[in-house]
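Subject: Structure handover

Hello,

Please find the structure below. My notes on it follow.

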Amino acid sequence: AFSQADPSLKTLFGAETEYYACKDLLGMSEEGASHFDYLLIPHSHLHMRNEVMRDFPEILEARAVIRARLAEQFPYLSESQVNAMAAILKEADILKIFPELEINYKHYINKAMVDGFLSLLENTDFLKVIKNLPVSIAHSFSPCGVPHVQKNAYLELISDSTFENCYRKAAGIGVAIEINVGAVREVNTDLDQNQLIRAYRIAKDVGCSFTFGTDSHSV
């Protein structure tokens, strides 16, 4: 229908896949990617614990305490059953059990975003995919899972030189950066104070190309 209305209009079909930084695993094979015109690949779905971002060390220690308590209270359970019971508890559940835990969220989350960005650029399957079709890093450095009101304060702690290093490497291999309108609005509607805008300006300065998106999950 589009081509009949305007033969010059070309429709591209793409997909957003996933990068599981904990396993250095790209969620799209080279063969799978060949069916699309472009790909969006995020690195900051940090709410996907132990897939994109590992549990905080404090949470791991607390989970080990819970595991030991379960084994003591239920000696008839096998080790695998006890492990499964401890593993199923979400971070929020553990924080209710251990409300005294002090976690340096900003440090862990910022480190996970930087490390995930850089490891994505070196992933073997990623490097194969970008040879054959355009790829853009979706909502880069937008920490999913962090409350909107806190995102700007988190990103303030990432230095210009860190952003420059990340984006220069992306530009060097021809990977685009998505300017995500939804992510920008979540961080700060005052664009002069918006830390994602700072990041995008640095990306522009080091030669990155850009795509635009909304990440709209509803109308």
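A residue is called buried when its relative accessible area is under 20%, exposed when over 50%, and partly exposed in between, using a 1.4 Å probe and protein chains only. At 9% relative accessibility, Asn 110 is therefore buried.

Two notes on the source. The model is predicted, so local features need pLDDT of at least 70 and side-chain atom pairs count only at pLDDT 80 or more, while totals for chains, interfaces and linings use all residues. Residues are numbered from 1 along each chain as its sequence is written, and side-chain values use heavy atoms, with hydrogens and water left out.

The sheet

Helices (H or I, at least four residues) and strands (E, at least two) are DSSP runs numbered from the N terminus; two strands pair if DSSP finds at least two bridges between them. Five strands make up an open sheet with parallel pairing, in the order S1-S4-S5-S6-S7. Strands S1 (14-16) and S7 (210-213) are at the edges with a single partner strand each, so one side of each has no neighbour in the sheet. On average, neighbouring strands are turned by 30° against each other, direction ignored. Axes here are lines fitted to C-alpha atoms, for helices over the stretch in contact, and angles between N-to-C directions run from 0 to 180 degrees.

Going through the pairs: S4 and S5 are parallel over four bridges, and Ile 41 has Ile 137 in S5 as its bridge partner. S5 and S6 are parallel over two bridges, with Ile 137 opposite Ile 177 in S6. Strand S6 (residues 176-180) is joined to S7 by four bridges, again parallel, and Phe 210 in S7 is the bridge partner of Ile 177.

In a regular strand, side chains alternate between the two faces of the sheet. S5 is covered on both: Val 135 and Ile 137 on one side, and Ser 136 and Ala 138 on the other, are all buried.

Contact means heavy atoms within 4.5 Å. Helix H6 (residues 105-122) packs on the sheet and touches strand S4 (38-42), strand S5 (135-138) and S6, its direction making about 165° with that of S5. Asn 110 lies in this helix; beyond four places in sequence, Asn 110 contacts Tyr 154, Leu 157 and Ile 158.

A nonpolar core is a set of buried Ala, Val, Leu, Ile, Met, Phe, Trp, Tyr and Cys residues joined through side-chain atoms within 4.5 Å. The largest one has 59 residues, and Leu 39, Phe 117, Phe 126, Phe 141 and Tyr 167 have the most contacts inside it. H6 gives the largest share of this core, nine residues.

Regards
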